[in-house]
Amino acid sequence: MTKYILKRVGISLITIFVLVTAVFFLARLMPGGPFNDPKLSEAARENLSAYYGFDKPVLEQYITYLGNLLSGNLGFSTKYPSQTVNQLLASSFPYSADLGIRALCLAISFGLVFGIMSALNRGNGIDLFFVIVAVIGTSVPDFIMGALLQYFFAIEWGLLPIAEYKGFAYTILPSIGLGFYTMASVSRIMRASMLEVVQQDYIKTARSKGISRFRVTWKHQIRNAIMPVVTILGPTVAAVLTGTFVIESLFVIPGMGKYYVESVQNNDYSLILGMTVFYGAFLVFCNMVVDILYGIIDPRVRVAGK
Amino acid sequence: MKNKRLMALGLATLLTLSVAGCSTPGDNTSGSSSTGDVSQSGSTEKIFRYSNVADIATIDPNKVNAVADATVSYHIYDPLYRNVQGTMQPAAAESYTVSDDGLVYTFTLRKDAKWSDGEPVTAHDFEYGMKRLCDPAAACAMSYLGVVFKNGAAVTAGEMSVDELGVKALDDYTLEITLETPADYFLSMTSMAQFMPARQDIVEKYGAEFGGAPEKQVYNGPFVVTKYGEGELLMEKNPNYWDADSIKLDGVRVLTVADWTTAVSMFNNGELDLTEVPSELAPQYEGKTEAYYSGANDYAALNHRNEYLANKNLRLAMNYAVNREEYNLLSHNGLYEENLRYVLPQVRGVEGDYGTEYPLEFFPLQGDMEKAQEYLDVALEELGLSDPSEITFKLVVADSDASKKEAEVVSNQWEQNLGINIDINMVPSATRNALLVPGSDEYDIIMSGWAPDYSDPYSYLELWYSTSGYNYLNYNSAEYDAYIDASKTTTGAERMENLFNAEKTLLADGALVPLQLREVQYMVADNVENLNAYFIGLNYNYMYADIVG
């Protein structure tokens, strides 16, 4: 097991290094550069480039960046001149993560229950209902879902706050808005997986041994059917916890989502890299956890990984 | 067995997390007391609340590069003279004198002004702030504004030491500023964020992090910043401000609301006291909104390096072929104002508005298709073309919804009315911006605009001087240059006449195709008094605002 984990960690580190390198050079290939305000004079552009060290050869900048990265220093943002990228991430990630965890809890718990109920009631009205919910969830984009939730629950009926993030009541609508898609995909995957597992021989064996229907479903069917859900959880956790532009801007949540869009729009090199490194490392970490979880849930993976 | 326990633990964690929903990250700092919610605590604090689409990028005034940030700086700093809706009001300075040649300004500072830490505000702070603006090492984005100072351009370019800049504190309360050329608008520039004072000791103490947090800075204005970050900026009234008695608000909350529709909902729900209204919602709030000119004029810039656009008659044909009324209706629901000249008429002329003193409707509101055809025929002959369809122009536009619509409408008019072809290229705005430099062949037509830095026609006209670093039209007219040169050595009405002639020359050459003057629709809560919108140096002035009832 230790060897298995060490191998995963090693691969993860290499992945992050490749990612940083690729993004570092790609960002500098984008047309425009970070100081593209048409009002800036040539002298101002040069002074700014020198201030941020962008006037040095790209290779030198790269080595400096890697050095700083190793000590955890992500540099100063060009858009927010007195703030470091570390500072920006530190103040926005807690909001995104808080919202993301709430959304995930909703999504996973409801998604699993819906998927299981749907599969157990295959073909009847209950199944149809959950399938429709899942189709809506996967096909309605979050900006529509979020806007609808906000319009009805907050503006029309006045049941919940419109926006901002100042307490439990404020978290409900954005959590649903953010989690709905994930819930729908979890429920669809779970349903399909349940239906596949139920045809396996070991289920028939268990049933023929006279084990109760409940025990078979709980101990054999769900346990085996949950694997595909765990698979999608890695990337999903990383994506949901590191902020989404639409839901955050709609509900005025000061999370990280806006920086994905802003940093690229402004060619803010340090912020682009900071976001990429952070998101990338988080994604790699989540996938690693999933890999390890496989090992725990399914002993066959553990054996194969040796 | 072990696995089961693990799963149970995981499930328990999930449940705990989902119900432990009582505390959110900002709970401690953005509680009800600081948001001005009077109903909860029964307090009568007067907090003015408004929003911006993006976070305030900096609270360090010398480094300001956006109007929303400049607005904050205006309220947390005190300039020499304060521009209050176009009137220059003594602020940190009590009075000033100008030398006869218009070059040397001597300001006398008030002696009772204090920084938020109790230190006196001196002429040295202003000298340091203005030198910092021009200092290459400080790398202030808007350093080009410093070219107004003697040696400003050379200092900014690193060719001269900062000590040679024409800004000097003669003693603690006397500041002498020498200009490069006479500039009637200089006094109004002193109100800009970039010309605010800075405390050398504090700047040096925090270095690059100066202004990165409320406590890493000092303030000499009507308000001080108490929170900066997590999508909001909070200000409190500054008790040390010399004119604190005139300040009625206890505080200000500036919230980042990226979506104007959300902001309008929050406004309707009483959570904001001021909101802008996006044009698609404007008809719904007709009668409730007010509007102000943002100062921006938008135009289709023609690249004179293109062999066809080098032809003046063709450029004029393109100007007359545009029906600006229809354009405004189709691209902005008629909410902007059609621009029939180049300079925003609301900027300051000699005594009053430039547009009132020098009225001009150069191009007809609905265009003039006959004239356009005449110019086109002459142009085709001069260019040796038999059919206008032989002409194809590459038009570059930033990829926002609004710009896209503008480009499509105007291109359609040219294609319909002149028979030329337009090839629209949408690019990210950073890419578009990078093209706005002289000598580029990457575009034939580029949709762009300009917002003035100070209230004077020169702010718009300086762009197209033949050697200007902004001349992306590649316009080169000896006549135009002569008028601009003459404006630099004259003052008052004579100077304004020169600028007016320059504007007329530009239009008579059809150098660009003026399209619109942007107007911003906004709503203010009924109980807010004395709030003003303005188009230069800030967008909203809430310094003297009050919340009544």
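Of the 549 residues of chain B, 51% are classed as buried, a residue being buried if 20 or more other C-beta atoms, placed from the backbone, lie within 10 Å of its own, exposed if 12 or fewer do, and partly exposed in between. The structure is a predicted model, in which local features need pLDDT of at least 70 and side-chain atom pairs count only at pLDDT 80 or more, while totals for chains, interfaces and linings use all residues. Residues are numbered from 1 along each chain as its sequence is written, and chains are lettered from A and ligands numbered from 1 in the order in which they are written.

The model scores ipTM 0.88 and pTM 0.89. For chain B the mean pLDDT, the predictor's confidence in each residue from 0 to 100, is 91, and 93% of the residues reach 70 or more. In residues 11-22 of chain B the pLDDT is below 50, and this stretch has twelve contacts in the model beyond near neighbours in sequence; two residues are in contact if their C-beta atoms, placed from the backbone, lie within 7 Å. The pLDDT is also below 50 over residues 28-42 of chain B, a stretch with 17 contacts beyond near neighbours in sequence.

Chain B contains 17 helices and 21 strands, these being DSSP runs (helices H or I, at least four residues; strands E, at least two) numbered from the N terminus. The radius of gyration of chain B, taken over C-alpha atoms, is 26 Å, close to the 24 Å that the globule rule (2.2 Å times the number of residues to the power 0.38) gives for 549 residues, so chain B is as compact as a globular protein of that length. Along the principal axes, the C-alpha atoms of chain B fill a box of roughly 80 × 75 × 50 Å. Of the contacts in chain B with a separation of 6 or more, 67% are accounted for by residues 24 or more positions apart.

Within chain B, strands β6 (residues 167-171) and β7 (residues 174-178) pair in the antiparallel sense over four bridges, pairing requiring at least two bridges found by DSSP between the strands. A hairpin of two residues joins β6(B) to β7(B), and Ala169(B) stands opposite Leu175(B) in β7(B).

The domain assignment of chain B, with bounds from an automatic or database assignment, gives domain 1 (47-271 + 525-547) and domain 2 (293-519). The centres of these two domains of chain B, taken over C-alpha atoms, are separated by 32 Å. Their contact takes twelve residues from domain 1 of chain B and 14 residues from domain 2 of chain B.

Chain A has 14 helices and zero strands. Its C-alpha trace spans about 85 × 60 × 30 Å along the principal axes. Buried residues make up 41% of the 306 residues in chain A. Among contacts in chain A between residues at least 6 apart in sequence, 74% join residues at least 24 apart.

The contact between the chains takes 50 residues from chain A and 50 residues from chain B. On the side of chain A that touches chain B, two or more residues are given by each of α2 (42-52), α4 (85-120), α7 (168-197), α11 (245-250) and α12 (257-265) of chain A. The largest share of this side, eleven residues, comes from α4(A).
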